[in-house]
Amino acid sequence: MATNSEAGDTFEAQSGGTMSDDALRQVESPDSLKVTFPTDRPLRLDSGFDLAPLTIAYQTYGTLNADKSNAILICHALTGDQHVANRHPVTGKDGWWSTLVGPGKPIDTTRFFVICPNILGGCMGSTGPASVNPETGQAYGLKFPVITIGDMVKAAARLVDHLGIDTLFSVIGGSMGGMQVLEWCVRFKDRVYTAMPIATAPWHTAQNIAFHEVGRQAVMADPDWHDGSYLLRGTRPARGLAVARMAAHITYLSEKALQDKFGRGFQNRDQRSFSFDADFKVESYLRHQGSTFVDRFDANSYLYITRAMDYFDLESDNGGKLANAFIGTKTQFCVISFTSDWLYPTRDNKEIVKALNAVAANVSFVEIESDKGHDAFLLDEPELFATTRGFLNAAARKRGLPAGEPTS
Amino acid sequence: MTASVTTMGQSGLAPTRADHLLIAEMVEPGSRVLDVGCGDGALLELLARTKAVDGRGIEISRERVSACVARGLSVIQGDADSDLSGYPDDAFDYAILSLTIQATRHPKVVLENLLRIARRAIVSFPNFGHWQIRLSLLATGRMPRTPNLPDAWYDSLDAHLCTIEDFVDLVKLVDARVVEAVAFNSTGRRLPIERSRRLQNLFGEKAVFLLERKREG
């Protein structure tokens, strides 16, 4: 079932070879739209660094209406990209949210103009550590500035400006995508009509940071990482990144999901091998997840993006009171969490709801019953689909957008 | 397991609940309303349709919240005991608690919160002072079971049942004023005894109270 989990691929999926020149080519020549903002318009990052030039690779689906009121921005998660609802150019798989986005889907591309940028710091065509540093003519590597979730949002806002859109009908995203949704609602209050932060949190907890640090240390411990300059040396820290992915993957699932799927089942054998082979199905599965991930993802991007997530804290950014972030908001919010998500649990999502209530904002909140863990937001969850469809349809009526197809 | 989504609002609404109609009469058009324990959103929809209110809801049941949101209502999953404290003072014109106060853990705190969040509170509840209940207790010596209160005491979620007189005492205790009190029977017929609290308490199967804070501020 889990064809598009944040964790990636199905157990049965075939590995796509080594990373793949295909993937590397996406950095400079993405198989998607892209826009480059010239050097005289640098992006001022939260760190104070002026980043230029800035390229944003993006996909769009559907048609922008005449008064540009039907645009929905989708924000992707840590290892997602702009390929929301089309075949992925590197993996060949369906888009990561093709269950939710498309003609007749809850985010209906026959009604809405859907935009999804690859985030700043990503490796699918937007400016990131694998992009060419104009000062050296080589990949940035660790010369790339440390970025924040807010920086990703400011970069995406450049794209939205470029498309001539003033107010977004909705900004939607899960996990780190949800953090971007929240930043949109804080930094560009008047430009967001509705917002759907899903399976997310208003800050990264100590446990979240701890898991990310394990991942980063795994990458950095790989001798092929070469202090981040592996692209220049023609190596790749594939083992380190794979271990990072394996550890992270566990956090996207639930204990029950792991137990139900694998239990103590053996992989291609009937008994213990008395070795360190992948005796168990769960080991084989994790190794597979690690190896397919390194085929499509840049290790330095992984470091930078996880760092941005760790720095995310809307409470401390707003004078120690989360509600302050939302004062004066007119946005209609729909916050969604999942019962078995222990990475961004309901408790954290409810902090967002409480803060919004404290400023009498218009907010709905649904906790959806699922045993699929954090990954549930990417999977076949009928209640997620019904809620998304209902919320967007009602808001579209209020906004005066034409009625959608009456799909159940 | 994914909980299935309850299908709501299939054309033709369910018959409107009697207490909902009485509550709707008490709400001024265009108000901001918080419906605590909003269930499937029937009252919020009625108020939006007939009074053009800006409505929000709180509901404890996951499936009902999901269904409410899917029909375009702004509802959060939560309950009266734990989620009212997060709302600011005077955020609403009306806070409504319909047939829910008897199921809260701390009815007094809940009522105080309602009157803090909103200028006025509308509270409906089953009246434990109704003559049939009194008689049943007297005659059988056991907890009464009526069409209004069908569950055995150990199954019932109603932890804090009260009579109309009890409720009036609580209103005084939280420094509020009764603007309007309507007792009604099971068919939703308003009993023409608004001047006599004692008669309301004897003959009303349920009651709806419109309350407001005595002191503004």
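Does A:Ala199 count as buried or exposed, and how many C-beta neighbours does A:Ala199 have inside 10 Å?

Modeller: The model is predicted. A:Ala199 counts as buried, because 31 C-beta neighbours lie inside 10 Å and the threshold for burial is 20 or more. This residue sits in the loop that runs between strand E12 (192–198) and helix H4 (206–221) of chain A. Most residues other than glycine have a negative phi, and most peptide bonds are trans.

A:Lys68 is placed in the loop between E4 and strand E5 (71–75) of chain A. With 15 other C-beta atoms within 10 Å, A:Lys68 is partly exposed, whereas A:Ala199 is buried. A further backbone feature is the cis peptide bond between A:Ala52 and A:Pro53, with omega about -10°. A:Pro53 belongs to the loop between strand E3 (50–51) and strand E4 (54–61) of chain A.

The packing can be taken next. The largest nonpolar core has 175 residues, and A:Ile72 and B:Ala95 are those with the most contacts inside it. Leaving aside residues up to four places away in sequence, A:Ile72 touches, among others, A:Ile107, A:Phe112, A:Phe113 and A:Val114. Its partners also include A:Leu168, A:Phe169, A:Ser170 and A:Ile172. In soluble globular proteins, nonpolar side chains tend to be buried together.

The axes of helix H6 (residues 238–252) and helix H8 (residues 281–296) of chain A come within 8 Å and cross at roughly 125°. H6(A) and H8(A) are therefore oblique to each other, and their crossing is right-handed. On H6(A), the contact involves A:Ala238, A:Leu241, A:Ala242, A:Val243, A:Arg245, A:Met246 and A:His249. H8(A) contributes A:Leu286, A:Gln289, A:Gly290, A:Ser291, A:Phe293 and A:Val294. By class, the residues of this contact are 8 nonpolar, 4 polar and 1 charged.

Finally, the two chains meet: 19 residues of chain B are in contact with 25 residues of chain A. On the side of chain B that touches chain A, helix H3 (62–70) and strand E3 (74–77) of chain B each supply at least two residues. H3(B) gives the most to that side, with 5 residues. The residues of that side comprise 11 nonpolar, 6 polar and 2 charged.

Note on methods
Residues are numbered from 1 along each chain as its sequence is written. Chains are lettered from A and ligands numbered from 1 in the order in which they are written. This is a predicted model: local features need pLDDT of at least 70, side-chain atom pairs count only at pLDDT 80 or more; totals for chains, interfaces and linings use all residues. Axes are lines fitted to C-alpha atoms, for helices over the stretch in contact, and angles run from 0 to 180 degrees between N-to-C directions. Helices (H or I, at least four residues) and strands (E, at least two) are DSSP runs, numbered from the N terminus. Angles under 35 degrees count as roughly parallel, over 145 as roughly antiparallel, 65 to 115 as roughly perpendicular and the rest as oblique. A crossing is left-handed if the near helix is turned anticlockwise from the far one by less than a right angle, and right-handed if clockwise. Two residues are in contact if their C-beta atoms, placed from the backbone, lie within 7 Å. Ala, Val, Leu, Ile, Met, Phe, Trp, Tyr, Cys and Pro count as nonpolar, Asp, Glu, Lys and Arg as charged, and the others, Gly among them, as polar. A nonpolar core is a set of buried Ala, Val, Leu, Ile, Met, Phe, Trp, Tyr and Cys residues joined through C-beta atoms within 7 Å. A residue is buried if 20 or more other C-beta atoms lie within 10 Å of its own, exposed if 12 or fewer, and partly exposed in between; C-beta atoms are placed from the backbone.
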